[in-house]
Amino acid sequence: MLFEGTPFELNRIMLIRLLVVTVLIVWLLIATRRMRVIPTRGQVATEFLLGFVRDSIIVQALGEKDGKRFMVPLMTMFFLIIGLNITGVVPFLNIAGTSVIGTPLLLALVAYVIFIYAGIKKHGFKYFKNAVAPSGVPGVLLPVVALIEILSTFIVRPVSLTLRLLMNMIAGHLLLVLCFSATHFFFFTILANGDLIGLLGIGTLAFGAIFTLFEILVAVLQAYVFTFLAAIYIQLSLADEH
């Protein structure tokens with residue numbers, strides 16, 4: 001804990017978030033400072049990562065023209081999430097920066113503001129009318145459809161983005177804590193006292209290693225899913241039927 005008792009108090013997870021942001025900024029500054037026609041290995045790796053997010057998420061969901069418009073916030077969102085997620089398996093950090101609701105909620109609200117802005121920018125305030133009352137719906141069904149659309153578009157989207165990211169990272173953290181705590185108990189409490197049942201720690205250690213690899217996969221996958229869904233929501237706001 002830093003600056004305890006002051007308005008600038010920073011707990012462990014806030015320090016991890018600041019560390020991730022600093023690392024990302026330093027990485028991008030170094031990686032893009034001296035771009036070459038014949039790229040170095042570091043430049044190749046950076047271009048591959050940026051190109052993957054651009055082509056496989058943003059352009060795929062939004063197309064080339066709209067993809068360029070929203071490239072910066074979506075690209076930032078992806079790398080920030082993956083950076084915060086991966087700290088859950090980094091030694092001495094051991095907790096994901098997204099495993100407390102503040103950051104997932106903030107990112108979901110950013111996505112929420114962006115897709116509403118995109119809809120208003122293209123369709124004006126008719127966006128809200130057309131979003132909750134699609135054309136062609138019979139008048140008798142309109143109240144029910146409008147309620148469903150309000151819930152799904154303006155409430156369920158940000159809530160689902162928040163909870164999907166948060167719960168996945170909490171679940172992974174708890175599994176790793178369980179496995180490695182059990183390993184410590186078996187080795188340093190049971191086996192240290194001469195009881196061979198402590199050898200079960202080998203199994204819990206193996207499961208911990210497997211879950212660590214799985215957690216890395218989940219960290220990447222959740223960054224992909226969050227960013228792709230945000231891009232899809234923007235695309236739906238831009239769709240001609242609005």
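In which helix do Tyr112 and Phe115 both lie, and how many residues apart are they?

Modeller: This is a predicted model, in which local features need pLDDT of at least 70, side-chain atom pairs count only at pLDDT 80 or more, and totals for chains, interfaces and linings use all residues. Residues are numbered from 1 along each chain as its sequence is written, and side-chain values use heavy atoms, with hydrogens and water left out.

Tyr112 and Phe115 both belong to helix α4, residues 102–123, where helices are DSSP runs of H or I with at least four residues, numbered from the N terminus. They are three residues apart, about one turn of the helix.

The structure holds twelve aromatic pairs. Rings of Phe, Tyr and Trp (its six-membered ring) pair if their centres lie within 6.5 Å; planes under 30 degrees apart count as stacked, over 60 as edge-to-face and the rest as tilted. The ring centres of Tyr112 and Phe115 are 5.5 Å apart and their planes stand at 85 degrees, so this pair is edge-to-face.

Accessibility is classed as buried under 20% relative accessible area, exposed over 50% and partly exposed in between (1.4 Å probe, protein chains only). Phe115 has 1% relative accessibility and therefore counts as buried, whereas Tyr112, at 22%, counts as partly exposed.

Another aromatic pair, Phe125 and Phe128, is stacked, with 6.3 Å centre to centre and 20 degrees between the planes. Phe125 is exposed at 66%, and Phe128 is partly exposed at 29%.

Note on methods:
Helices (H or I, at least four residues) and strands (E, at least two) are DSSP runs, numbered from the N terminus.
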